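Visitor: Hi, could you walk me through the strands in this one?
Guide: Happy to, let's have a look.

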Amino acid sequence: AEGCAAPVALRGHAGNLYSVGFAPDSERLVTASLDGTALIWSLSGASLATLRGHKDRIYHAEFCPDGRWVLTASRDGVLRLWEAPREESGDLSSYLVLDGELGGVAFAGFSPDGHEVAAAYWENAAALWRLWEEGDASSALEAAWGPVRSRLAIVREADRFRRENQLGEALRGP
């Protein structure tokens, strides 16, 4: 077709591909595979990162709306959230693991604002995960957990529970 560039082959998975998705900036791609990995690619075809940690095939992977995170959904029943690199980074460890114990995950996706994740499970179930909270965290919470982790909904909820029930010291970070 007129105006189309030659295709770029993305080679690196050891199994069939289940999904491919663009980052919002259209500068990176993510692929999900039967081999239990997801790969992040540049448009030139260079592998930027390998996302390892799932124990079974990954059915779906996608970037969040702001392009900072990648979500993977696996037959192992786990969703993983990864910080998305913009340059070559090698093997990455997941930032957050979400296990609803509802069976294998067939598909998952971010909400339009990127604050929630919805997942469809093989066991005829769906789950909605709230990831991020708006607004500034307390200075103690941010000091203990850092600027990104202190925005996690689970950290904020645990801190709120601690305060409301007068359970002593502030939450300690990782």
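Predicted model: local features only at pLDDT ≥ 70, side-chain atom pairs only at ≥ 80, totals over all residues.

Guide: Residues are numbered from 1 along each chain as its sequence is written, and side-chain values use heavy atoms, with hydrogens and water left out.

Visitor: Thanks! What's the strand order in the open sheet of five strands?
Guide: The order is β1-β2-β3-β4-β8, with mixed pairing. Strands are DSSP runs of E, at least two residues, numbered from the N terminus, and two of them pair if DSSP finds at least two bridges between them.

Visitor: And which strands stand at the edges there?
Guide: β1 (17-22) and β8 (90-92) do; each has a single partner strand, so one side of each lacks a neighbour in the sheet. On average, neighbouring strands of this sheet are turned by 20° against each other, direction ignored, with axes being lines fitted to C-alpha atoms.

Visitor: How many bridges join β3 to β4?
Guide: Four, between β3 (residues 38-42) and β4 (residues 47-51), which run antiparallel. Leu 39 has Thr 50 opposite in β4.

Visitor: Switching topic, what's the order in the open sheet of three strands?
Guide: That one goes β10-β11-β12, with antiparallel pairing. β10 (105-110) and β12 (125-130) are the edge strands, each with a single partner strand, so one side of each has no neighbour in the sheet.

Visitor: Which residue in β11 is the bridge partner of Val 105?
Guide: Tyr 121. Five bridges join β10 to β11 (residues 116-121), and the two strands run antiparallel.

Key
Axes fitted to C-alpha atoms, helices over the stretch in contact; angles between N-to-C directions.
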